[in-house]
Amino acid sequence: MTKVYAMRFFPGLKCLCGGVSSYISRKVSPVCGRLWAGQWMRSCSRTSQIMKEGNQDSIMLKHLISKIKSTGPISVAEYMREVLTNPVTGYYQHRDVLGPQGDFITSPEISQIFGELLGVWCISEWMAAGKPKTFQLVELGPGRGTLASDALRVFSQLNSVLKESEISVHLVEVSPKLGEVQAQLLTEGEQHLRHDPNAAIYKTGTTKTGLPISWYKDLQDVPRGFSFYIAHEFFDVLPIHKFQKTKHGWREVLIDIEPSSPEKLRFVLAPHATLASKTLIQRDDERDHIEICPEAGIIVQNLASRITEDGGAALIADYGHNGTKTDTFRGFRGHQQHDVLTTPGTADLTADVDFSYLRQMTKGKVTSLGPIPQHEFLKNMGIDVRLQVLLRNTSDPATSTGLIDAYDMIMNPEKMGNRFKFFALLPCDRLISSNDTRSKKHGPTAPPVAGFSELQL
Ligand code: SAH
């Protein structure tokens, strides 16, 4: 079994290796691995930027205080939505929050192998689906565009396999600033794109690799069609509602003004059931505190319908749990965990993803796999072989150290390897065995789903 896997995998890797040395040095030089080796997940490094943000944070705080004064305490979801994505002063809107100058670092920013293997995953699922002529790569919350760039490089390198196909790229991004960073990396630059800020498709153009690319603020505006949906560290920034079990039943946690200090915010419990507590809590729970992200549920329902009707698959990677954790809402700023209610708008806000809720929201329309730990998924995708290939292609000791440190960061169970999970949504018939007469689409040779089993190309 292992031999068959290796035999079938190596030719694919050889294709990936052509010209690999040039991008090793480019990717690994400033950040990947080395600078960040002592840090992990949402660590921050923008002390100097923070100094310049004095005004901005007070604008957001004033805005929130006047909102609370006029309508009463707000839900945590409304708070998160305002703080992160308010079109004027939201945290994500006007700054590049990722990388060495930003607030936190993510796996695709640490290691080029991450995005490459996700690109390989798409190709593997595309082959399993019978190589449909057209497919879309759709990324939700693409950050700096690094994951997409690494995946698209794999698509180019595997041109011999993909040459008959028509591929297009679709990015769902609310941040104008990050949209610019993505355009810079993936295309010949903003000036070569067509812009229409008020349209659902607010930017279109062509990637450096010659594929049509478009930007949207909302998944529902992405055209229908056979698609691979990738969401890495996207679901954790979506607004959550928080609920506390009390002797009177579940009560929603709200955010109010601190009476003793009117420039400060505090958490309070709603005195009565709110619309959210009545509609979102559907069953009793052993936990005494829960977080629910209805926006994540809506997106997953949308993904499930699309995958059922148009084909394709979704891969969701994030930190999270299976309906077991309680209070995970936190902020990050300047290398450290940051109080979520202090200087809103200058720190990242995030909460663990509840994968059991996502699964529940598919309502059985699609099959789900996982969540499985990141180290297991990447191992199954062949990360060890890929690392060896990259190491063989460089003679620079610093580059080799960077590659190894980056590998350790994303794979080590004590670092990102265990904390991050992979979760996939697939058409219901994807996992039906080839002997089953219901399995028509995938034919007799449909392989197991890569990442959740060993990759076979
Ligand atoms: N996937 C990237 C970036 C993660 S940060 C990586 O792993 O490196 C979260 C990303 O989601 C950012 O690009 C942010 O601008 C975007 N984002 C946040 N809220 C969003 C929303 N409601 N809709 C679309 N994109 C959103």
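His232 puts a side-chain N or O atom 2.6 Å from an oxygen atom of the ligand. The protein buries 95% of the 570 Å² that the ligand exposes when taken alone (accessible areas by Shrake-Rupley, 1.4 Å probe). Bear in mind that this is a predicted model, where local features need pLDDT of at least 70, side-chain atom pairs count only at pLDDT 80 or more, and totals for chains, interfaces and linings use all residues. Residues are numbered from 1 along each chain as its sequence is written, and side-chain values use heavy atoms, with hydrogens and water left out.

**Around the ligand**
- The ligand has 20 residues around it (a heavy atom within 4 Å), and Thr106, Gly141, Gly143, Glu173 and His232 are the closest.
- Thr106 has a side-chain N or O atom 2.6 Å from a ligand oxygen, while a polar backbone atom of Gly143 lies 3.0 Å from a ligand oxygen.
- By type, the shell splits into eleven nonpolar, six polar and three charged residues, with Gly counted as polar.

**Aromatic pairs**
- Searching the whole structure turns up twelve aromatic pairs (ring centres within 6.5 Å; stacked under 30 degrees between planes, edge-to-face over 60, the rest tilted).
- Phe234 and Phe235 pair edge-to-face, at 5.4 Å centre to centre and 80° between the planes.
- Phe234 and Phe235 are both buried (under 20% relative accessible area, 1.4 Å probe, protein chains only).
- Phe377 and Phe422 count as stacked because their ring centres are 3.9 Å apart and their planes are at 5°.

Key: Polar contact = N/O pair within 3.5 Å; in protein donor to acceptor, adjacent residues only side chain to side chain. Phe/Tyr/Trp six-rings, centres within 6.5 Å; stacked < 30°, edge-to-face > 60°. Buried < 20%, exposed > 50% of the residue type's maximum accessible area, 1.4 Å probe, protein only.
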